[in-house]
Amino acid sequence: MNDLEIAVRPTVHRAFGLRISSRIPLPELPLSGDGTERETADIVVETADPVRLREELEACGSNFAFARQGSRFLFLIPGTAVYSIEEGRRIAVAPLPGADREKVRVYLLGTCLGALLMIRGMLPLHGSAVVIDGKAYAFLGESGAGKSTLAAAFVRMGHRLASDDVVAVGLADGKPVVLPSYPQQKLWRESLEGLGMETGPYRPIFRETGKFAVPVASRFSSEPVPLAGAFELSKSDRGTIGVRQLNNLDRLRVMLQHTYRNTLIPRLGLEDWHFRTAAGIAAQIEVCRLQRPSEGFTAGQLAEAIIHFARGGERGA
């Protein structure tokens with residue numbers, strides 16, 4: 001059995017513009033201030049009894065349950081943990097017997113924080129984001145589309161990473177901004193090799209995947225950055241690279257379709273919020289389709305095409 005490690009005192013971290021106090025070690029997240037309890041926390045992460053939470057879910061007849069009266073969202077990841085989010089401020093993590101502690105943490109920092117962001121009114125997009133000339137550009141797509149690999153190519157070129165896997169978009173004076181996640185990327189072995197990087201220095205995310213955790217602390221943008229554009233990655237058998245601006249309807253589709261864990265939205269009763277927020281963001285930024293060859297490693301060329309576009313280069317119809 002691989003029990004979850006618990007610290008005697010909570011440590012305060014910063015991610016997605018939030019101060020997160022946790023007794024569960026979260027080594028991926030940077031500290032907020034000196035990381036002590038003196039730092040006021042927006043979110044508190046604690047442990048809970050899995051038996052009690054599983055009984056609540058079983059009474060609902062589902063692995064997901066939202067209690068409007070208590071503003072409480074519960075969900076189960078089989079073989080891993082039950083997670084509870086209360087009023088968008090408190091997360092209870094109840095690991096199941098024999099659960100891999102790293103996998104428990106992966107879902108805490110992924111699905112759980114994604115749901116919490118939506119509850120708090122921030123739109124989480126499934127992708128990566130980098131900073132080009134002081135503005136953030138997000139790369140969106142399905143799993144395996146090459147989002148993290150493309151962002152890693154930008155980092156190798158000297159640009160800063162704003163977020164990987166989950167791009168949290170909030171509003172500042174009515175304008176969309178990317179709230180930085182934490183200084184780590186998740187890259188497949190093939191991506192590391194294509195970028196000329198060895199896998200030796202990096203640890204696997206957890207035993208069930210071939211992804212590696214790649215720290216990027218020296219190339220991380222720790223402050224909110226205005227969101228200027230989003231690129232939907234699309235594979236093509238024609239072997240060409242191209243950037244094409246999308247019409248209003250497709251711009252909205254991209255925001256809705258590539259919302260992180262969007263299947264949770266109806267369970268949370270956030271359909272109206274989701275549509276209004278996605279439409280508002282899509283109307284204020286460039287939204288394009290980035291076509292890439294289905295074969296070969298082209299992250300460097302794709303990055304050059306995006307930079308050319310971001311700096312006022314030719315725009316497709």
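## Terms and basis

On a 1 Å grid over the protein atoms alone, a cavity is a set of points where a 1.4 Å probe fits but cannot get out, and lining residues have an atom within 4 Å of a point. A pocket is an open set with protein on both sides within 12 Å along at least five of seven lines. Grid points are joined across faces, edges and corners, and a volume is the space filled by probe spheres set on the points.

The model is predicted: local features need pLDDT of at least 70 and side-chain atom pairs count only at pLDDT 80 or more, whereas totals for chains, interfaces and linings use all residues. Residues are numbered from 1 along each chain as its sequence is written, and side-chain values use heavy atoms, with hydrogens and water left out.

## Cavities

The model holds 2 cavities of 30 Å³ or more. The second largest cavity, of about 40 Å³, is lined by Phe16, Leu109, Gly110, Asp164, Asp165, Val166, Ser181, Tyr182 and Lys186.

The largest cavity has a volume of about 70 Å³. Its lining includes Glu28, Glu102, Arg105, Leu109, Tyr182 and Lys186. Helix 2 (101-119) contributes the largest share, 4 residues; helices (H or I, at least four residues) and strands (E, at least two) are DSSP runs, numbered from the N terminus.

The largest pocket contains about 810 Å³ of space. Among its 36 lining residues, Ser143, Gly144, Lys186, Trp188 and Lys211 are the closest to its centre.

The second largest pocket has a volume of about 230 Å³. Of its 13 lining residues, Arg14, Pro30, Phe220, Ser222 and Glu223 lie nearest its centre.
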